[in-house]
Amino acid sequence: AAKKAGRGRILAFHHGLEDEINERRFIEQELRLALAEDGLTVAYQPIVAGDGLRMVGAEALVRWKHVVRGNIPPGVFVPVAEQAGLMIELGEFVLRRALADARDWPELFIAINLSPIQVRDRGLVRTVASALADPGIDPSRVVLEITEGVLIDNPEDAKQRLKELRALGVKIALDDFGSGYSSLSYLRRLPIDKLKIDKEFVAPLGRSANGGVILQAIVALGRALGLSVLAEGVETEEQRLLLRLAGCDEMQGYLFARPMPAAAFREMMGRGLVLPGTALGDGDDLV
Ligand code: C2E
Ligand code: MG
Ligand code: MG
Ligand code: MG
C-alpha cells in the first residue's frame with residue numbers, strides 16, 4: 001500500500017516551487033532522451049464484455065521506466081510532454097506501436113488514448129491513416145479515446161477532426177466521463193461512439209445503498225444516446241455484478257487484469273481467455 005501511495009507523488013516529495021520547477025525540467029529533459037532513444041514502451045490492459053468473462057479488447061497505456069527513477073507514471077510525464085511540445089511525438093509513438101502490436105491479437109479491438117493536443121493537430125488524421133496502413137489494421141478494430149479537454153479552445157475544430165477520424169472507420173470513445181466539469185450538452189454535440197465511465201463512479205458501488213445511483217443514471221444516459229458504455233476501474237466481484245445488472249456493455253479493471261507488457265499480453269492470449277483473478281498482480285503492473 002505504501003508503494004502504491006508513492007506512485008505519482010514525485011513532485012510532492014520535494015518542497016517548494018523551485019524544486020517543483022527543477023523536477024519538471026528534469027522530467028522534460030529525460031523524456032526527450034527517452035523519446036529519442038526508444039526508452040518508452042506500451043502496456044496493454046484487457047477490456048472484457050459486460051458479463052465480465054470474455055475479453056473483447058485492450059487499452060494501450062504508455063510506460064516509462066527510467067534508469068534511475070524506475071517507473072514514472074503517465075499521470076506525471078504526459079502533462080509534461082503536453083507542456084513541452086513533445087506530445088505529438090509521444091502520441092505518434094504510442095499509435096504506431098499499439099497498432100503494430102495489435103496485429104498479434106486480431107480478435108480484439110485496440111483502444112488508444114489521444115491527448116487534446118493531438119486532436120488539435122491538423123496532421124492527426126494523416127498520422128492515424130498511416131499508422132493503420134503500415135501494419136494493415138482494420139480501422140473498425142480501433143477505438144481512439146479522447147477527453148472533454150478537446151472542447152477547450154476550439155470545439156468546432158475538435159468536432160471536425162473527430163468526424164474526419166470516424167470517416168477513416170475508427171471509433172471514438174469519451175474517456176473519464178463524469179470526472180470533469182463540462183455540461184452534459186457536449187455529449188450530444190460530440191461525434192462519439194462510446195462512453196468510458198470514470199472509476200470515481202465505479203468505486204462507490206457496493207459500499208453504500210445508493211452508491212450506484214449515479215452510475216445507473218450514466219449508463220441509462222449513454223444508452224439513450226445510442227452509445228456503448230464501458231466502466232473503468234472495476235476492482236471487486238460485487239462491482240462486476242452490479243455493473244452487469246446496470247447493463248454495462250464492457251468493463252475494465254484490476255479485477256480482470258492489470259496493464260501488462262506486450263509479451264505478457266501475447267502469452268495470455270495464447271492461453272485463451274481471461275477470467276476474474278487469472279492475471280492479477282498485487283502491486284504494480286505485471287512486468
Ligand atoms: P485512462 O486512459 O483513464 O487509463 C486508465 C488508467 O486506470 C490507467 O492508469 C490504468 O492502469 C488504471 N486502471 C485500470 N484499471 C484500474 C483499476 O481497477 N483500479 C485503478 N485504481 N486503476 C485502474 P495509467 O496507465 O497510470 O494511466 C493514467 C492516465 O494517463 C490514463 O488514464 C490516460 O489519461 C493517461 N495515459 C496513459 N497512456 C497514455 C497515452 O498513451 N497517451 C495519452 N495521451 N495519455 C495516456
Ligand atoms: Mg483511456
Ligand atoms: Mg479513463
Ligand atoms: Mg483516467
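Where does Asp-153 have its place? Asp-153 is in the loop between strand 5 (142–146) and helix 7, where helices (H or I, at least four residues) and strands (E, at least two) are DSSP runs numbered from the N terminus. Here is a short tour of that residue, a magnesium site, some strand pairing and a few side-chain contacts.

This is a predicted model, in which local features need pLDDT of at least 70 and side-chain atom pairs count only at pLDDT 80 or more, while totals for chains, interfaces and linings use all residues. Residues are numbered from 1 along each chain as its sequence is written, chains are lettered from A and ligands numbered from 1 in the order in which they are written, and side-chain values use heavy atoms, with hydrogens and water left out.

**Residues with positive phi**

- Asp-153 has a phi near 85 degrees, a positive value in a residue other than glycine.
- With a relative accessible area of 60%, Asp-153 is exposed; buried means under 20% relative accessible area, exposed over 50%, and partly exposed in between (1.4 Å probe, protein chains only).
- Asp-176 also has a positive phi, near 55 degrees, and its place is in strand 6.
- Asp-176 counts as partly exposed, at 28% relative accessibility.
- For background, most residues other than glycine have a negative phi.

**The magnesium site**

- Donors are N, O and S atoms within 2.8 Å of the metal (3.2 Å for Na, K and Ca), and sites may look incomplete because water is not among the atoms.
- Glu-59 in strand 2 (residues 55–66) and Asp-175 in strand 6 (residues 171–177) are 116 residues apart, a pair that links distant parts of the chain.
- Glu-59 and Asp-175 are both buried.
- Asp-175 coordinates both the magnesium ion (ligand 2) and the magnesium ion (ligand 3), which are 4.0 Å apart.

- Four bridges join strand 7 (residues 194–197) to strand 8 (residues 228–231) in the parallel sense; two strands pair if DSSP finds at least two bridges between them.
- Leu-195 has Val-229 in strand 8 as its bridge partner.
- Strand 8 also pairs in the parallel sense with strand 9 (residues 250–251), over two bridges, and Ala-231 stands opposite Met-251 in strand 9.

**Aromatic rings**

- The whole structure holds four aromatic pairs; rings of Phe, Tyr and Trp (its six-membered ring) pair if their centres lie within 6.5 Å, with planes under 30 degrees apart counted as stacked, over 60 as edge-to-face and the rest as tilted.
- One of the pairs is Tyr-44 with Trp-105, edge-to-face at 5.1 Å centre to centre and 70 degrees between the planes.
- Tyr-44 lies in strand 1 (residues 40–49) and Trp-105 in the loop between helix 4 (87–101) and strand 4 (109–113), so their pair ties together parts 61 residues apart in sequence.
- Tyr-44 is buried at 0% relative accessible area, and Trp-105 counts as buried at 0% relative accessibility.
- Tyr-44, Trp-105 and Phe-265 are linked into a cluster by ring pairs.

**A buried arginine**

- Arg-161 is in helix 7 (residues 155–167) and is buried, with a relative accessible area of 3%.
- A polar atom of the Arg-161 side chain lies 3.1 Å from the backbone oxygen of Arg-120.

Key. Polar contact = N/O pair within 3.5 Å; in protein donor to acceptor, adjacent residues only side chain to side chain.
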